[in-house]
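Try each one yourself before reading the solution.

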Amino acid sequence: MNRASLDKRPADVARMFDDVAARYDLTNDVLSMGQDRRWRRLVHEAVAPAAGERVLDIAAGTGTSSQPFHLDGVHVVPADFSIGMLRQGKKQLPHLPFTAADAMRLPFADDAFDAVTMSFGLRNVVDPVGALREFGRVTRPGGRVVICEFSTPTHPAFRKVYSEYLMRSLPRIASRTGSNAESYVYLAESIRDWPDQQGMADRLRDAGWSRPEWRNLSGGVVALHRAVQAA
């Protein structure tokens, strides 16, 4: 079994996700108590895609976040740097154009997309601001970025309970679904190490995005961030 550490070396992170690919969707559904489906729906709404637009879904994993865009007539490209995830996604959704891609060095031309979205992946990138700049490079002027990521619960008492749940329960529950429990230790550590909502908005500004805003989901357990590429 492989697990990454908070230095987030790309090869370690990729191997970790290769290990959990087969059970990834099931484990996430159990760990989030089904909330991940709602979060994906709200990401789709925040992107607000129009038929015919081009959307890059980076860190798409097995493509569950990409499929709704496809059903809306959007040219969606699900991309990930875990080959295990891409293979699993191709088995489940063979009609989608899965693409191997590193968030820091995207294999796409400048201004290639109307929108870029990333759900629960930016936290695993060694240089998040650098990745956000790269997202800006491939997004047309006036296009948008939507980042869905774990964040900081807004209620102090719940924040403490949530932190304890992360460290104690996630690995145990993951092992019961047949996934790599050690990988979910890293998951818990990376969530606790991640900046709060304002900190994430600041990163978007630092990367050159305009008008960053966020919406708290599930009491701030997750935050949905949106920003626009300057025209």
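**Exercise 1.** Find which helices each supply at least two residues of the lining of the largest cavity, then work out the make-up of that lining.

*Solution.* Bear in mind that this is a predicted model.

Step 1: start with the helices. The two to pick out are α3 (35-47) and α4 (67-71), each of which gives at least two lining residues.

Step 2: see who gives the largest share. That's α3, with 3 residues.

Step 3: sort by class. The lining splits into 3 nonpolar, 2 polar and 1 charged.

Step 4: check the space. The structure has 1 cavity of 30 Å³ or more, and the largest cavity holds about 30 Å³.

**Exercise 2.** Describe how α6 and α9 cross, and say which residues meet there.

*Solution.* Step 1: get the geometry. The axes of α6 (residues 128-137) and α9 (residues 197-206) come within 8 Å, crossing at roughly 50 degrees. Because of that angle, α6 counts as oblique to α9.

Step 1: settle the hand. As α6 passes α9, the crossing is right-handed.

Step 2: name the partners. From α6 come P128, V129, L132 and R133, and they meet M200, R203, L204 and D206 of α9.

Step 3: classify them. The contact between α6 and α9 has 5 nonpolar and 3 charged residues, with no polar ones.

Key:
Residues are numbered from 1 along each chain as its sequence is written. This is a predicted model: local features need pLDDT of at least 70, side-chain atom pairs count only at pLDDT 80 or more; totals for chains, interfaces and linings use all residues. Side-chain values use heavy atoms; hydrogens and water are left out. Axes are lines fitted to C-alpha atoms, for helices over the stretch in contact, and angles run from 0 to 180 degrees between N-to-C directions. Helices (H or I, at least four residues) and strands (E, at least two) are DSSP runs, numbered from the N terminus. Angles under 35 degrees count as roughly parallel, over 145 as roughly antiparallel, 65 to 115 as roughly perpendicular and the rest as oblique. A crossing is left-handed if the near helix is turned anticlockwise from the far one by less than a right angle, and right-handed if clockwise. Contact means heavy atoms within 4.5 Å. Ala, Val, Leu, Ile, Met, Phe, Trp, Tyr, Cys and Pro count as nonpolar, Asp, Glu, Lys and Arg as charged, and the others, Gly among them, as polar. On a 1 Å grid over the protein atoms alone, a cavity is a set of points where a 1.4 Å probe fits but cannot get out, and a pocket is an open set with protein on both sides within 12 Å along at least five of seven lines; lining residues have an atom within 4 Å of a point. Grid points are joined across faces, edges and corners, and a volume is the space filled by probe spheres set on the points.
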